[in-house]
Amino acid sequence: CYKNVIFLFQTKINKIIGDECSIEQPKSVICSHRRVLPRYSFKGDEKVFICLNNSRKRYPVIDISTSGLSFQSKEKNLEVNQEIENVTAKMGKGKSIIFDASVKSCRHKDGKYVFGLEFTFIDMNHRRIVYDFVFYRMYPWLRPTNEFSRRDIWGLLQRSGIIDENSDKQFKRYFNKYFQSINSITNNPLIYFSLVRCKDNVLTALGSVLRIYNRTFLEQEVLSDSKSMLQIGSNTDMYLGLADFILNNPYCEYFIKYIAVDLSWHQDLFLNIDGLINDRDKFMFDKLQLFQCNTGQAAAVKLDTAYCCKTLNDAQEFIDFCTVSLSPLVADSYAYSSKQQLYLDEIGQVYQAFGLNVCRKIWCVVKDGTVIAYAVSEVYSGEFDLFDSVNACRVYFVSNKIDIKQVLAALMPDVSLFFRSLGREKFYIMIKAREKVAKEIRLPGLGYKCSVGRVIMNRQGISEYKLLLKDNFVL
């Protein structure tokens, strides 16, 4: 065990020197983090109590986490491994939780008994109460976005430098839609979570995560004021807070984030973490090239008749391509691994429950009867991202010897029509290519934006990412 992580592996000891030993490199290492959100120990003036067996007798709680709690009793009224039901905890401010638990430990201390309980069943809403209780005591300067006004958020955008007093009316209208959208679902753990950092009554950062697939959340780029943006490690508290949320969300198995790579320290941060974790099945950082497409101008693209864009009717064809050409982490995180996941039916039902929609469509580009590229496009209703990165088309090339410009030219008319039919005037195209090649592509309605970093993690990778941030990158 090292730094709250248990490592399990098989190996052979080569030699023993004093208190140390030399071992063969294990073929695989399994690690398990003990808990994803640390226990919060109550201070002297904080009072939280539990009641057992529907009685009115109260027992003081010593500490609590999202996985359990410990409490104090004058008598030994429980046994280790005993299962107990309908335990009530009074959390203060009129909030209570009810849960079932297993007694994991009992120790005698200072004439009293201290029992450790592990939650075996707790309603999601009650789990959320526990999570909020612990989270906002661990990060007292981070607050839910819905505690602040439209003017507060707009002021942060101005201080960030991305807008000014002369910002165009179109962006202001988009911001108003964005604010309405996030307020409609703010901090509903099924789909969305948003935080701001507030110090001395001034907002200095904004961050959020959105559930984009059934088991995948997208972290939207953390926005901070211009002063914080230039400080190395200034936003790691936001990254930690968002990581804690998704680790405690039962629907999260994968995590994606896109980051602007023009800040070298930001790029170096994730490159360093990628190097420290050094396991592409858990964590990966790479670069993509980003274009913006205007749907109204795509019809002017002149097509090479040798290239043809077709709607993909055989889902298995694309799944087979992903199995061979993409890493399991990438394929799983983007929901490319099975027909059940591919067309987002399950997450679509979740969105519909909030009066929202999500739609995915897949195309292939054919030359001389052979598929040379695939394109996956997604449209989300609502405005949940100031940078609109969720409404995008990702293009995958079958080989490296492809004329990227002609592939994009073949795709643009059909893909643009798809986005335009769903109310989108612009969308992003993401490709894996060298920056120099991407910058040289010129097509009507298509503009090169920048190179972006992409980070993908599974749940175990998120746990290690969080620990590395906390131990190495927090100022």
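**Exercise 1. Determine whether Lys257 is buried or exposed, and identify its salt-bridge partner.**

Solution. Lys257 has 1% relative accessibility and therefore counts as buried, where buried means under 20% relative accessible area, exposed over 50%, and partly exposed in between (1.4 Å probe, protein chains only). The structure is a predicted model, in which local features need pLDDT of at least 70 and side-chain atom pairs count only at pLDDT 80 or more, whereas totals for chains, interfaces and linings use all residues. Residues are numbered from 1 along each chain as its sequence is written, and side-chain values use heavy atoms, with hydrogens and water left out.

Next, examine the partner. The Lys257 side chain meets that of Glu219 in a salt bridge, at 2.6 Å from N to O; the criterion is a side-chain nitrogen of Lys or Arg within 4 Å of a carboxyl oxygen of Asp or Glu. The pair links distant parts of the chain, 38 residues apart: Lys257 belongs to strand β16 (residues 254-260) and Glu219 to strand β15 (residues 216-224). Helices (H or I, at least four residues) and strands (E, at least two) are DSSP runs, numbered from the N terminus. Glu219 is buried as well, with a relative accessible area of 2%.

**Exercise 2. State which residues are joined with Lys282 into one salt-bridge network.**

Solution. Begin with the pair Lys282 and Glu464, whose side chains form a salt bridge of 2.5 Å, N to O. Lys282 lies in the loop between α6 (264-277) and β17 (283-294), and Glu464 in helix α13 (residues 459-473), 182 residues apart. Both Lys282 and Glu464 are buried.

For a further pair, take Arg454 and Asp286, whose closest N and O atoms are 2.7 Å apart in a salt bridge. Arg454 is in strand β23 (residues 446-458) and Asp286 in strand β17, 168 residues apart. Arg454 counts as buried because its relative accessibility is 7%, and Asp286 because its value is 8%. The network itself comprises Asp279, Lys282 and Glu464, joined by salt bridges that share partners. The total count is 17 salt bridges.

**Exercise 3. Identify the residues with the most contacts inside the largest nonpolar core.**

Solution. A nonpolar core is a set of buried Ala, Val, Leu, Ile, Met, Phe, Trp, Tyr and Cys residues joined through side-chain atoms within 4.5 Å. The largest has 61 residues, and those with the most contacts inside it are Leu210, Phe318, Tyr334, Tyr336, Tyr351 and Tyr396. Leaving aside residues up to four places away in sequence, Tyr396 touches several residues, including Phe318, Tyr334, Tyr336 and Ile372; contact means heavy atoms within 4.5 Å. Apart from this core lies another, of 34 residues, among them Phe135, Leu242, Leu269 and Tyr465.

**Exercise 4. Describe the surroundings of Ile185, and state which residues it touches.**

Solution. Ile185 lies in helix α3 (residues 169-185). Its relative accessibility of 2% is why Ile185 counts as buried. Not counting residues up to four places away in sequence, Ile185 touches Ile191, Tyr192, Phe354, Leu356 and Phe384. The C-alpha atoms of Ile185 and Phe384 are separated by 9.6 Å, although these residues are 199 places apart along the chain.

**Exercise 5. Find the average pLDDT of the protein chain, and locate a stretch below 50.**

Solution. The pLDDT is the predictor's confidence in each residue, from 0 to 100. The chain averages 86, and 90% of the residues score at least 70. Over residues 1-5 the pLDDT is below 50, and this stretch has 12 contacts in the model beyond near neighbours in sequence. Where pLDDT is low, the predicted coordinates should not be read in detail.
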